[in-house]
Every structure is written in C-alpha cells, then in structure tokens.
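Please keep the model open beside the text as you read.

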Amino acid sequence: GIKSIPTYFAAYSIKLEKVYIPESVTEIGYGAFQVCNSLKNIKLPNNLETIQGYAFDGCDLDSIVFPASLTFIGYSSCSGWHNVKKIYSLSPTPPYCDGHAFDNCNDATIYVPQGASNLYSNAQDWSYFTKFVETSQLPESGIKETKHASKSDAKVYWSNGALYIEDVPEADFAKTYSIYSIDGKMVDSGKVNASQLVISVSQGVYIVILGESVYK
C-alpha cells in the first residue's frame with residue numbers, strides 16, 4: 001500500500017540492477033535512485049503521477065515506459081542516461097518537466113500516442129530530443145494487478161527448481177498459459193494439455209496467467 005518512494009531511498013546503490021515498483025506508488029521521491037549507475041531495468045507503476053528531482057539521475061537505463069498517469073518530471077530527474085535508446089510516454093499530453101529533466105542523455109527515440117508528436121517536440125525539456133514516433137502499439141508500463149484464485153482454480157507453486165501448475169480442470173485444457181518474471185519479461189508460454197504442468201525456473205516472484213485466472 002506504499003504511496004511514495006522516499007527521498008534518497010536507494011541513492012548511490014551502485015550494484016542495483018533492477019527495480020520493480022508496486023502499483024500503489026504515485027510518487028517517486030527526490031533522488032530516490034540517484035546515481036544507481038548499474039540500474040538498467042525499471043518498471044514504473046501504472047498509477048505513477050510524480051517523479052521528483054534527481055530521482056533517476058545517473059542511471060544506466062536503455063529504455064523506460066512513462067505511464068499515462070504521469071504529469072510531472074522533476075529537475076534533472078532523468079539526466080545522464082547515456083545509453084538510453086527508447087523512451088515511451090503513454091500520455092497524449094507531455095508530462096510537465098521542471099527543467100533540465102533529460103540533460104546529458106543520448107538522443108533517444110521518443111514513442112508517443114497518435115497525434116501527440118508535435119506537442120512533445122515543442123514541450124519544455126522534451127524538445128531536447130529530435131526523434132519522435134507516433135504509434136498505437138505502446139507497451140504497458142507495469143504488471144497488471146493480480147487477482148486471487150478461487151478454490152476451484154488450479155494450484156500454482158514453486159518447488160525444487162520448478163514451477164508447478166496442478167489440478168487444472170479439464171475445462172481449462174487447450175487454454176493458454178503465460179509466465180512472467182516480476183519485471184515483466186515472459187519466461188514461458190504454451191497451451192495446457194494435462195492436469196499438471198512443470199516448468200523449470202529459478203526461485204523468485206512470478207506472474208502466472210492461466211486462461212482468465214492470474215496467480216502470483
């Protein structure tokens with residue numbers, strides 16, 4: 001239920017490589033991940049509204065997705081992204097930038113909703129970039145919220161190097177399953193053809209989608 005990532009929460013954590021922020025978060029605090037210069041992968045939540053100053057200054061991201069809910073990007077919060085190649089912004093209105101937001105960044109390609117490129121290319125700080133692409137195929141910013149499985153659903157658990165999906169009802173045979181790591185990358189997918197599936201994965205947190213049921 002946390003709403004805000006605190007000021008300087010993980011600043012200068014130079015070995016930090018990956019971050020998943022809960023969907024409840026609406027604000028990332030000042031300098032929260034400043035100079036996390038090994039941070040290459042971060043998933044921003046779908047409800048995020050504010051990124052305070054220096055929040056991601058000096059990170060090593062190669063891409064990022066700003067959710068449609070984002071309205072404010074603070075001073076120098078996204079500066080020093082020397083290797084960034086793609087920035088997706090899901091809002092048709094450019095989030096307001098408080099000055100020097102993208103200083104010393106690579107000239108990334110900015111992907112925006114249809115009809116929004118002119119607004120972005122003329123907006124403060126967004127005009128730092130020269131390549132804008134309008135697209136209707138924008139990615140999700142975060143992992144969709146999971147729902148609890150009912151008692152009649154299959155059982156999903158991890159044991160000894162494998163993810164088990166058991167007690168799958170026959171009615172669910174031929175339905176598809178997908179397994180995602182907590183940072184949103186697909187690990188495995190296929191069709192259900194038995195009451196038990198065993199998929200080799202390392203220990204961790206996964207999102208499992210089986211038909212219309214979602215498990216964590």
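## A first look at the chain

Of the 216 residues in the chain, 44% are buried, where buried means under 20% relative accessible area, exposed over 50% and partly exposed in between (1.4 Å probe, protein chains only). The model is a predicted one, in which local features need pLDDT of at least 70, side-chain atom pairs count only at pLDDT 80 or more, and totals for chains, interfaces and linings use all residues. Residues are numbered from 1 along each chain as its sequence is written, and side-chain values use heavy atoms, with hydrogens and water left out.

The chain has 18 strands and one helix; these are DSSP runs numbered from the N terminus (helices H or I, at least four residues; strands E, at least two). Along the principal axes, the C-alpha atoms fill a box of roughly 55 × 40 × 30 Å. Among contacts (heavy atoms within 4.5 Å) with a separation of 6 or more, 41% link residues 24 or more positions apart. The exposed surface comes to about 11100 Å², with 48% supplied by carbon and sulfur atoms; the areas come from the Shrake-Rupley method with a 1.4 Å probe, and for residues only the protein chains shown count as cover.

## The cores

A nonpolar core is a set of buried Ala, Val, Leu, Ile, Met, Phe, Trp, Tyr and Cys residues joined through side-chain atoms within 4.5 Å. The largest one has 39 residues, of which Phe-33, Phe-66, Trp-81, Ile-87 and Phe-102 touch the most other members. Strands β6 (63-66) and β10 (109-112) are the elements that give two or more residues to this core. A second, separate core holds 14 residues, including Ile-165, Val-168, Ile-199 and Leu-210.

Which residues does Phe-102 contact, leaving aside its neighbours within four places in sequence? Among them are Phe-66, Ile-73, Ile-87, Trp-126 and Phe-129.

Val-112 is found in strand β10 and is buried, at 0% relative accessibility. Beyond its neighbours within four places in sequence, its contacts include Ser-89, Tyr-120, Val-133 and Leu-138. Val-112 and Leu-138 are 26 residues apart in sequence, with their C-alpha atoms 7.6 Å apart in space.

## Aromatic pairs

The structure holds 13 aromatic pairs. Rings of Phe, Tyr and Trp (its six-membered ring) pair if their centres lie within 6.5 Å; planes under 30 degrees apart count as stacked, over 60 as edge-to-face and the rest as tilted. Two of the pairs are set out here.

| Pair | Centre distance | Plane angle | Class |
|---|---|---|---|
| Tyr-8 and Tyr-30 | 5.8 Å | 90° | edge-to-face |
| Tyr-120 and Trp-126 | 5.0 Å | 80° | edge-to-face |

Tyr-8 lies in the loop between β1 (4-5) and β2 (18-20) and Tyr-30 in the loop between β3 (27-28) and β4 (41-43), so their pair ties together parts 22 residues apart in sequence. Tyr-8 is partly exposed at 45% relative accessibility, and Tyr-30 is partly exposed at 37%.

Are Tyr-120 and Trp-126 buried or exposed? Tyr-120 is buried at 0% relative accessibility, and Trp-126 is buried at 0% too.

## Two tyrosines with positive phi

Tyr-8 has a positive phi of about 55° although it is not a glycine. Tyr-54 has a positive phi as well, near 60°. Tyr-54 sits in the loop between β5 (50-51) and β6 and is partly exposed, at 23% relative accessibility.
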